[in-house]
Amino acid sequence: MRNILLFPLRLCVGWGLSPRLLGLIGATMLVLLRLTVGWHFYSEGLDKYQKGNWDAAPFFANARGPLADHFQKLVWDSDGNIRRDMDQSMLYLAMFRDQVANHYGFDEKQINQAQKNYATVVELQQQVFVDYKQDLDEYDLGALREEAMDADPMRDGVASLRGQRDTIRRERVGKLKPALAEISQLWENYEANQNAVATPAQQEASGYLQFEAPLGMHTGTINRFVPYFDIAVGLCLLLGFFTPVAALAAAGFLGSVFLSQYPPVTGPASSNYQLIECMACLVLAGTAAGRFAGLDYFLHLIIRKTYGHRVEVE
């Protein structure tokens, strides 16, 4: 029972009585590697947090390889089905109109202005559909071509045919992007205009209300989470605190980045760099690197003194 209760803590600081025997140079290199990776994560997270406009959507939208569909689905409304559906769009726009009114406590005059803003954005979005009708029709035709290709089992085994499908998909998505970008800009302006209906006193008392995408796991959720994740992992590695857990979390994150861009290309944009750092994190996790010049040394020392050698059997 004691071993079972102790298992999570031992896993956090590294398994075993002591790290595998390393020379002074090897231990020093592990410390330097841990500090380098830790600083990379910490600085990246801090930069994302301070700028406040980091967005994972472009990265996931450009995912390729066998897992491309999975990563692209993390981009909210990547296929435009919501923004192209006027009924759904009107529903979300109306919901935000009502949320703003409740958030600030609008009076009747302000409610009427919020309704005017709603009517305006609906009219402008309908005009976008008219302006981009040809592109949107070609996008739908491309979708039918892709479905026909996916139904052909011969295409999976021929590289040139798979490449043809990817080319058609890129061209098809290119037809959709301008219209979606214009609609997204309309929604951003709508958010600003609805918040602007509030008086300065209401804005100061209640704070700015953002037009959030529908609930679910999408890049909007990821954008809020990743900066704190990077900072937390970076600090843990810098301090050598719960190093195996932090290093494994970092390795999983970097591994997902690599898989989203598989197969990797060469050059500065290559995802091989993420793969290399992922492997480095696995080394840090497997060697309990936080026990070299890190807080994990003291945590593990407490475990050994508290529970003795009876629980240290490999």
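Helix α10 supplies six residues to the lining of the second largest pocket, the most of any element. The model is predicted. The space in this pocket amounts to about 720 Å³. Besides α10, the elements that contribute two or more lining residues are α2 (24–51), α3 (57–61), α11 (243–260) and α12 (272–286). The lining comprises 31 residues. Nearest the pocket centre lie W54, F59, V226, F253 and V257. By class, 18 lining residues are nonpolar, seven are polar and six are charged. In general, a probe the size of a water molecule, rolled over the atoms, shows where empty space is left.

Read from the N terminus, the order of elements is α-α-α-α-α-α-α-α-α-α-α-α-α. The chain has 314 residues, and 39% of them count as buried. Its accessible surface is about 18400 Å². Carbon and sulfur atoms account for 62% of that surface. Among contacts between residues at least 6 apart in sequence, 77% join residues at least 24 apart.

D230 lies in helix α10, which covers residues 219–239. Its relative accessible area is 2%, so D230 counts as buried, the cut-off being under 20%. Beyond its neighbours within four places in sequence, D230 contacts F41, Y42, E44, G45, K48 and F253. F253 is also one of the residues nearest the centre of the second largest pocket.

The largest nonpolar core holds 31 residues. Those touching the most other members are L93, F106, V121, W187, Y190 and F211. Four helices each supply at least two residues: α5 (86–104), α6 (108–131), α7 (133–150) and α8 (159–196). Helix α5 gives the most, with eight residues. F211 illustrates the packing. Leaving aside neighbours within four places in sequence, F211 is in contact with Y92, L93, F96, W187, Y190 and E191.

N53 is located in the loop between α2 and α3. Its relative accessibility is 59%, so N53 counts as exposed, the cut-off being over 50%. N53 and N223 are 170 residues apart along the chain. Their C-alpha atoms are separated by 8.6 Å.

Two further loop residues were picked out by backbone geometry. Most residues other than glycine have a negative phi. F242 has a positive phi, near 50 degrees, and is not a glycine. F242 lies in the loop between α10 and α11. With a relative accessibility of 26%, F242 counts as partly exposed, because this value falls between the 20% and 50% cut-offs. A288 likewise has a positive phi, of about 50 degrees, although it is not a glycine. A288 lies in the loop between α12 and α13 (295–307). At 6% relative accessibility, A288 is under the 20% cut-off and therefore counts as buried.

Notes:
Residues are numbered from 1 along each chain as its sequence is written. This is a predicted model: local features need pLDDT of at least 70, side-chain atom pairs count only at pLDDT 80 or more; totals for chains, interfaces and linings use all residues. Side-chain values use heavy atoms; hydrogens and water are left out. Buried means under 20% relative accessible area, exposed over 50%, partly exposed in between (1.4 Å probe, protein chains only). Contact means heavy atoms within 4.5 Å. Accessible areas come from the Shrake-Rupley method with a 1.4 Å probe; for residues, only the protein chains shown count as cover. A nonpolar core is a set of buried Ala, Val, Leu, Ile, Met, Phe, Trp, Tyr and Cys residues joined through side-chain atoms within 4.5 Å. On a 1 Å grid over the protein atoms alone, a cavity is a set of points where a 1.4 Å probe fits but cannot get out, and a pocket is an open set with protein on both sides within 12 Å along at least five of seven lines; lining residues have an atom within 4 Å of a point. Grid points are joined across faces, edges and corners, and a volume is the space filled by probe spheres set on the points. Ala, Val, Leu, Ile, Met, Phe, Trp, Tyr, Cys and Pro count as nonpolar, Asp, Glu, Lys and Arg as charged, and the others, Gly among them, as polar.
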